[in-house]
Amino acid sequence: MRKLLLTFVLALTLCVPSLAAETWNVGTWKTAQTIQPFLYEPFANGATVKVHPFTNPGDQKAALLAGSLDMTGTTLALAIQAASRGEPIVLVASLGNKCSALVVKKGGVKSVGDLEGKKIGYVPGTMHEILLRETLTRAGLKDAKLVRIDFFDMGTALSRGDIDAYLSGEPLPTLAKRQGYGEILAYPYYGEGIGAINSGMIVRRDFVEKNPERVMEMLRAHRKATEQCMSDKAFWLETSSKMFGVELDVLRDAADNMELVWDMDDTFMKQLSALGKRMLELGIIKKEPDYNALVDRRFVDALRQGQ
C-alpha cells in the first residue's frame with residue numbers, strides 16, 4: 001500500500017505544471033466553520049483562487065456538476081444522498097465537524113418533547129436535517145412540522161414567530177442567544193458511531209480522473225488553511241469576523257462548537273458508513289452508496305505521509 005501511495009505521489013509531482021496561470025473555482029459557505037477556501041490563495045503555489053459563496057449545499061453540488069466549480073464544500077449527508085443516486089461526485093477531504101444546535105424561541109419550549117406539533121426550520125440534505133430527525137425520533141415525536149428555510153433566514157423566521165424552533169449551524173444558534181430572541185435548547189445527538197462529522201469537499205469524478213495534480217494542489221492548500229486556523233484560533237476567529245461580518249464575541253462563544261478538519265482516516269470512514277446506515281433507517285436514502293467509490297483517500301493519505 002505504501003509503495004502504491006509513493007508511486008501516486010511521484011506521478012503527481014512529475015505532472016504538476018506551473019500554476020501561475022491556473023484558476024481554481026471553489027464553493028463554500030460564508031461561515032467560520034467553512035472558511036478554508038477563502039484562505040487557499042497564499043498556499044496555492046501561484047494559482048488564482050476564486051471562491052464562490054453559497055447558502056445551500058444543494059446549490060453547491062448543482063454548480064459542481066454543471067462544471068462551474070472545480071471543488072466545493074458540501075454536507076456529508078448530501079454527499080451520501082448524491083452517491084446513493086449514482087451522481088458522479090467524489091469526496092476528497094473533510095471540511096468541518098460539530099457546529100449544530102437546536103434553537104427555540106426564548107421563554108417558550110422547555111424540552112424537545114414540547115416540540116410536538118410545532119414548526120421547526122431546517123435545510124433538506126444537510127447534516128442538520130439528519131441530526132434534527134434523530135433528535136425528534138429519540139424524543140418520540142411524531143407530529144413536528146418541518147419547514148424548509150435557508151440558514152440565513154432562520155433567525156428572522158424565529159424572531160417573528162413563523163417557526164417555533166430551528167436546527168442549524170453556528171454562528172446562528174449563538175447569535176440567537178446573544179441577541180435575546182432565542183435560546184439553545186440542546187446540542188444534537190449525533191447517532192451511534194457517527195461522531196461529530198459534518199461536511200467535506202467534493203469534486204466531479206471526471207475532474208479528479210483528468211486533473212489529479214490539480215486536486216492534490218487544492219487539497220494541499222486546504223490542509224494548510226485548516227491547520228493555520230486550528231493552530232491559531234485568534235487568527236481564525238478574527239479573520240472570520242472581518243470576512244463574514246459576524247461579531248467577534250459571537251464567534252468566540254461559538255468556537256467550542258466548531259472544528260475545522262481535512263483528513264479522512266479509518267475512523268472517518270466508519271463514521272461515514274454509520275451515517276449512511278442511519279440515513280437508510282430514517283428513510284432519507286433508498287440504498288447506501290459504495291463508500292470506497294464515494295471517497296478517494298489517495299490525496300489525504302499522501303498529505304498525511306508528509307507529501
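This report walks through a predicted model of a single chain, from its overall build to a few local details.

## The chain as a whole

Let's start with the big picture. The chain has 13 helices and eleven strands. Its radius of gyration is 19 Å, close to the 19 Å that the globule rule gives for 307 residues, so the chain is as compact as a globular protein of that length. If you draw a box around the C-alpha atoms along the principal axes, you get roughly 60 × 40 × 30 Å.

How much of the chain is tucked away? Buried residues account for 55% of the 307 residues. The chain exposes about 13,300 Å², and carbon and sulfur atoms supply 48% of that area.

## A space inside

Searching the whole structure turns up two cavities of 30 Å³ or more. The largest cavity holds about 190 Å³ of space. It is lined by 18 residues, and the closest to its centre are Trp29, Gln33, His128, Phe151 and Gly169.

What sort of residues make up that lining? By class, there are five nonpolar, eleven polar and two charged residues. Strand S4 (89-98) and strand S10 (197-204) each put in at least two residues. The largest share comes from S4, with three residues.

## A helix under cover

Helix H3 spans residues 76-84, and nine of its nine residues are buried, so this helix is largely enclosed by the rest of the structure. To put names to them, the buried residues are Leu76, Ala77, Leu78, Ala79, Ile80, Gln81, Ala82, Ala83 and Ser84. After H3 comes Gly86, which has a positive phi near 85°.

## Around helix H6

Pro171 sits in the loop between strand S8 (165-169) and H6. The peptide bond leading from Glu170 into Pro171 is cis, and its omega is near 10°. As background, most peptide bonds are trans.

Helix H6 itself covers residues 172-179, and Leu175 is part of it. As for Gly107, it is 68 residues from Leu175 in sequence, and their C-alpha atoms are 16 Å apart in space.

A quick bit of background first: most residues other than glycine have a negative phi. Which way does phi go for Asn45? Although it is not a glycine, Asn45 has a positive phi of about 55°. You will find Asn45 in the loop between strand S1 (23-29) and strand S2 (48-54).

Lys98 is another residue other than glycine with a positive phi, in this case near 60°. Lys98 is found in strand S4, the strand that gives three residues to the lining of the largest cavity. With a relative accessible area of 27%, Lys98 is partly exposed.

Key:
Residues numbered from 1 in each chain as written. Predicted model: local features only at pLDDT ≥ 70, side-chain atom pairs only at ≥ 80, totals over all residues. Heavy atoms only, no water. 1 Å grid on protein atoms, 1.4 Å probe; cavity = no way out; pocket = protein on both sides within 12 Å on 5 of 7 lines; lining within 4 Å. Points joined across faces, edges and corners; volume = space filled by probe spheres on them. Helix = DSSP H or I, 4+ residues; strand = E, 2+ residues; numbered from the N terminus. Nonpolar A, V, L, I, M, F, W, Y, C, P; charged D, E, K, R; others polar. Rg over C-alpha atoms; globule rule 2.2 N^0.38 Å. Buried < 20%, exposed > 50% of the residue type's maximum accessible area, 1.4 Å probe, protein only. Areas by Shrake-Rupley, 256 points an atom, 1.4 Å probe, with all protein chains shown as cover.
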